[in-house]
Amino acid sequence: MKPAKFEHQRMASLDEAVKALGNAEGETRVLGGGQSLGPMMNLRLAQPDVVLDLSKVEGLDGIEETGNAIRVGARVSHARIEDGEVPGKTGDYMQFVATGISYRSVRNRGTIGGSVAHADPSADWPSALLALGGSVTAAGGNGIRTISLDGFTVGPFSTGLGWDEILTGFELPVLGTDANWGYYKVNRKPGEFADAIGAVTLGVEARAVCGATESAPFRVTEIEERLASGVQEVSIAEVRDILDRYDAGFDDYELQIHAVALSRAVQGAFA
Amino acid sequence: MPDGATVQGIGASVLRKEDKRFLDGHGRYVADIVRPRMLEAAIVRSPTAHAEKLSVTKPDLEQQRVFTAEDMLSDGVKPIHVISKYPGHKPSDYPHLAIGKLRFVGEAVAVCLADTRAAAEDLATQTKISFDPLPAIVDMVDAAESPPALVHEQWGDNVILDSLFEEKASNLDRATVSVTRTFRMNRQAVNPLEGAAVLAEWDAREERLVVHSSSQIPHILKNALCECLGLRQNQVHVIAPDVGGGFGYKCVLIPEEIFIPWVAMQVKQPVRWIQDRREHLIAAANAREHHYSVTLHADTDGNFIGVEADIIVDSGAYSVYPHSNILESTMAGRTLHGPYKFSAYKVRSRAVATNKPPIVPYRGVARPGICFAMELAIDAMARKLGCEPYDLRMQNLVPSDAMPYKTITGGEFDSGDYQEALRRAGTLIDLKAVRSRQRQDEADGRLIGVGFGCYIEMTALQTSAAARAGLAAIPGYEQAHIRLTPDGGLEIGVGVQNHGQGMETTLAQVACERFGMDIAMVAIRHGDTATSPYSTGTYASRSMIMAGGAIARTCDVLGVQIRRIGAHLLQCEFDDTSIRDACVIGPSSAVTFAEIARVWHRNPEELPADVDPAGVEVTSGFRPSPDNSPFSYATHACVVRIDPELGHVELLDYVISEDCGTIVNPMIVDGQIIGGALQGVGTALYEESCYDADGQPLSSTFADYMMPGSTHLPNLRVDHLVTPSPLTEYGVKGLGEGGAIPPPAAIANAINDALRGYGVEVVETPVTPRRILEAIAGSKT
C-alpha cells in the first residue's frame with residue numbers, strides 16, 4: 001500500500017506550524033516521528049491532504065528540570081528517554097516505559113508527543129503519563145495553553161487538543177527519590193503494542209491506571225485510595241472486582257489480563 | 001566417505017556460495033528489477049466474502065488503464081482448471097479475475113496500471129464495483145454439514161471430495177480402551193519475507209513473453225501461461241530470480257501470474273506487480289486449516305489397535321494449479337497413522353469449499369495437522385491409561401527391525417530407527433528431571449509441562465505414488481545439465497528453484513564429491529526456463545534428493561566422457577583411468593580437468609578423429625528405483641512454562657532428534673530445521689488468520705497477525721541420527737519441511753501436561769493466552 005496523494009510541508013518554526021494548521025484547507029495532520037501516521041497513511045487509513053512536518057522545528061526537543069516539574073518537549077524520541085535523558089525517579093519510570101516500545105529503530109524516530117497526540121489505545125505513553133500526572137502544553141491560534149493529562153486522552157485516537165493546536169510538550173511531576181512506581185505491560189512479544197497496561201506511581205499523590213483498553217486509559221480510584229492508605233498489595237481477584245465495576249467493555253479474558261496488569265504493577269511498585 | 005571426497009563434498013559445512021551477494025545487498029528480487037517504460041499494477045480486490053451479480057465500472061478517464069475479467073474473456077483467456085483423477089473430485093474453474101461471483105475477500109477483480117504504485121492504487125479506488133451479497137460460508141464444519149450457501153452452485157453442496165480410507169476395520173473390535181477428541185488447526189498465512197511478485201513484458205525481438213516471478217516452479221508457471229494464454233512453449237520465458245522464501249506458497253500458480261503478463265501484452269509495456277503485506281495477509285491467508293474428530297483405540301496394555309477419524313479440510317474457494325484443492329485432505333486421510341503401528345484404520349476425509357482464499361501446500365502439507373491430532377490423542381490416551389506418554393509412544397512406534405515397513409494404508413517406510421529418535425529426544429530433554437521438578441510447585445506459581453511430537457515425512461513424492469493417489473501434479477525424473485567449461489569448471493543447470501535453502505551450495509557439493517573439485521569451480525544455474533532442464537520445481541522436500549541425484553548421475557556420464565579424453569591425453573587405456581581431485585588419473589601420470597577442457601574446447605586438433613562428439617556437455621537424470629520415497633522422521637520435545645494468570649507460554653527448552661539420512665551440509669541442515677521449527681512455533685502459539693461471521697478477515701496487518709520472532713525460541717538443540725536411505729544417491733532424505741511439522745503437537749502436549757492439574761486440555765491452534773485462560777476457566781465451572 002502506498003499513501004494517497006498529499007502535500008508535505010516542512011515547518012521551520014512552531015509559529016509557522018501553528019499558522020499553517022490554522023489556515024489549512026482540507027484534512028491536515030501534524031507529523032512527529034511518523035511511526036504511526038506513516039503506516040496509517042500507507043494503509044490509507046489516514047488520507048490527509050496536508051502533512052505538517054515538525055522534524056526541523058527547534059525548541060520542541062528539550063528536557064529540563066524546573067524545580068517541581070520536568071519539561072519534556074514533544075519531539076523527544078523514545079530512544080532518548082530510553083537512554084536516560086529524563087532525570088531522577090521520573091526518568092527511571094519513563095526509561096522503563098520507553099524501553100518496551102517497539103524496537104530501537106522505531107524508538108529512534110518515534111516521539112513522546114506524537115504518541116500522546118495520536119492516542120492509540122494500545123500505545124504506552126497515554127497510559128504511562130496518565131499514571132504520572134502533570135500536563136500537556138499546546139500551541140494554537142489563541143497562544144499557548146496547558147491541559148491536564150487527566151482526561152487528555154478522550155477515546156481511541158482522540159484527545160483534548162483543539163483542531164488548530166499542536167502538542168508542544170509535557171510538564172511532568174518530579175517523583176521523589178523514595179517514590180515508588182510500577183508499570184506492567186501485557187503483550188506477547190517484546191515491543192509489541194499492549195494487550196493490557198497497569199501503571200502505578202506514588203508521588204505526591206497515588207495514581208493507578210488501567211490502560212490499553214478499547215478506549216481511553218482510566219484511573220482506578222479504589223486502588224489509588226488503597227495505595228494512599230499504605231496498602232502494598234492488591235490481589236488479582238480484588239482488581240477484577242474493582243475493574244468489573246467500570247464500564248470498560250471488557251469480556252472475561254480482557255478483565256483478567258487488565259486485572260493482572262494492575263495487580264502486577266502494584267507488586268512492581270513495592271518490589 | 002566415498003571416493004573423491006574433499007572438504008567441500010557431502011558432509012562438509014561449506015559456507016554458502018549465496019552469502020556474499022545476500023550479505024552485500026546484491027541479491028536481485030523481482031522488486032529490484034526495473035524495465036524501461038515499466039508500469040506498476042494495483043489490484044482491485046473483493047471487499048466481500050460472497051456475492052453474485054458482480055459488476056465493475058472503470059473510471060471514465062482511465063478506461064485503457066483498467067482491465068477486468070470481461071476483457072480477458074473477450075481475448076479468449078482460459079481460467080485455471082485443476083481436477084485430480086481422484087474419483088468424485090468435483091470440478092471448478094478458478095477465474096484469474098472474478099466473473100459474476102465473488103468468492104472471498106481479497107479475490108482479484110480488476111487490475112489498474114499507472115506509472116507508480118501509488119497512482120495505480122488511486123485508480124483502484126476510482127474503480128467501482130457492485131454486487132448482491134450472499135451468505136458467507138466461513139466455518140469448515142458448517143460448510144460440510146449445514147452450509148448457509150454454496151460456493152459453487154453446480155455442485156449442490158460444498159464438499160469438494162469425500163474420501164474414505166478404510167483398512168481392516170473389523171480389527172477395531174479388539175480395542176478395549178478408546179479416547180475421542182476434537183481438534184482444530186486454524187487458518188494462517190505463509191508469510192515468506194518476500195511476498196509474491198510478477199514482472200512481465202512481451203519481447204518483440206524474441207517474439208516471446210518474458211515473465212519474472214517469485215516462484216518455486218518456473219517451468220510449471222510456463223505451462224500454465226501457455227495453457228491459459230494460448231501461447232506455444234517457445235513463446236514463453238519464465239525467470240525466477242532471487243526468491244525470498246517460498247514455503248509452498250510459491251509452488252502454486254496465483255492469478256496474478258497470468259493476468260499481469262496478459263495485461264502487459266495488452267499495453268505492450270512492461271508491467272510489474274509487487275504484493276504488499278496487507279494483500280498477502282488477506283488474499284493469501286491460505287494454509288493449515290483442518291478439523292479432526294479422532295478416536296484412538298488401544299488394548300488394556302496400551303498397544304494401539306486402530307484409529308477412526310473424521311477429517312475436514314478447509315480448502316477455500318478454488319482449486320489451485322497444479323496441486324488442486326484435495327492434496328491436503330487426501331494426504332491427511334491416508335497418513336494419519338504417522339510413525340505408529342496400527343491394525344485397523346477407518347478415516348473419512350472431506351475437502352470443503354469456503355469463502356476464503358484457496359489452500360496451498362505450506363511447509364509440511366497436511367502433516368502438521370495430522371501430527372497435532374494424532375499426538376494429542378496419544379497424550380489423551382496416556383492420561384486415560386495412567387501411563388507416561390513417552391512410554392506409550394515407544395511401545396507403538398514402528399521398530400527399526402520392521403524396516404522396510406508397509407503401513408496400513410499401503411505406504412512403505414524405507415529406513416530408520418523411530419524409537420531411537422524418541423529415546424534420544426527423551427534423554428536430551430531430560431524427561432526424568434522434568435517429572436521430578438513437577439513434583440514440587442514452582443515458587444512463582446507457574447506451571448511446567450513437557451511434551452513430545454513424533455512424525456514421519458514422505459519426501460520427494462514419486463511418480464507412481466502420486467499417480468495412485470490421483471494427484472493433479474505428478475513428478476517424474478529429474479534432470480541436470482552439466483558443462484565442463486573451458487577452464488575445467490562446471491556449470492550445472494537444474495530445474496529446481498533455490499529460494500533460500502542454500503541449494504547453490506549443497507547441489508554444488510554433490511559435484512565436488514563426485515569429482516573432488518574446488519567448489520569455487522562449480523556454479524549452479526537455475527531459475528530460468530530458457531537455460532535449465534524442465535522440472536516440476538521445488539516442493540515436497542524433493543530438491544536435494546532429485547536434483548542432487550540428477551547431478552550425481554550426470555557427473556557419472558560426464559566423467560566417462562572426461563576419462564575418455566583423459567585416456568587419450570595420457571596415452572593409456574580407458575579402464576586404467578579414474579577421477580580424483582578434478583584430474584583423470586592414469587597408471588603413471590594424471591591430467592587435470594582444466595587441461596582436458598582446454599583440449600576439447602580450444603584445441604580439438606589434439607584429439608583423435610574418432611573422439612565421441614557428444615563431448616563434455618551432458619544432460620542426464622535420476623529417479624529412485626523403485627520409485628519409492630524416502631521417509632524422514634524426528635521427535636521434537638519441549639518444556640514449557642505457563643503463567644496461569646495470563647495464559648502466556650514460555651518455551652524453556654526445545655530439542656529435536658531427527659534423521660534426514662546422509663547430511664550434505666550440517667550447517668544448512670540445522671538452519672533448515674531451526675527455521676522450520678520456528679514456523680511451527682508460529683502455528684502452535686501465534687499465527688492465525690481470523691475471520692468474522694461474514695468472512696471478513698480480521699488479521700490484515702502484522703498488528704493483528706502475530707509472527708514468532710527470534711525471542712520465541714530457546715536455543716534449539718538438534719541431534720542427528722543418520723540412516724542413509726537405500727533409495728537415493730548418497731542416502732539423502734528430504735528435510736526442507738520436517739522442522740515445521742511437529743512443533744504444534746509437541747508444544748500443545750507440553751501445555752496440556754502443564755494444565756493436567758486442572759483436568760483440561762487445549763485442542764486448537766494457535767494456543768493463545770485467551771484459549772488457555774478459557775480452558776482453565778472451563779475447569780472451574
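Against which elements of chain B do the buried residues of α16(B) pack?

## Basis of the report

This is a predicted model, in which local features need pLDDT of at least 70 and side-chain atom pairs count only at pLDDT 80 or more, while totals for chains, interfaces and linings use all residues. Residues are numbered from 1 along each chain as its sequence is written, and chains are lettered from A and ligands numbered from 1 in the order in which they are written.

## Chain B as a whole

Chain B contains 19 helices and 30 strands (DSSP runs numbered from the N terminus: helices are H or I with at least four residues, strands E with at least two). Its radius of gyration, taken over C-alpha atoms, is 27 Å, close to the 28 Å that the globule rule (2.2 Å times the number of residues to the power 0.38) gives for 781 residues, so chain B is as compact as a globular protein of that length.

Of the 781 residues in chain B, 58% are buried (20 or more other C-beta atoms, placed from the backbone, lie within 10 Å of the residue's own).

## Helix α16 of chain B

Helix α16 spans residues 593-602, and its buried residues are B:Phe593, B:Ile596, B:Ala597, B:Val599 and B:Trp600. They fall within an arc of 165° seen down the axis, so they line one face of the helix; the arc is that of the directions from the helix axis to the C-beta atoms.

These buried residues pack against β20 (478-484), α15 (543-570), β24 (583-585) and β25 (590-592) of chain B. Here, contact requires C-beta atoms, placed from the backbone, to lie within 7 Å.

## Contact between the chains

The contact takes 17 residues from chain A and 18 residues from chain B. On the side of chain B that touches chain A, α3 (117-126) and α19 (769-780) each supply at least two residues.

Terms used. Two residues are in contact if their C-beta atoms, placed from the backbone, lie within 7 Å. A residue is buried if 20 or more other C-beta atoms lie within 10 Å of its own, exposed if 12 or fewer, and partly exposed in between; C-beta atoms are placed from the backbone.
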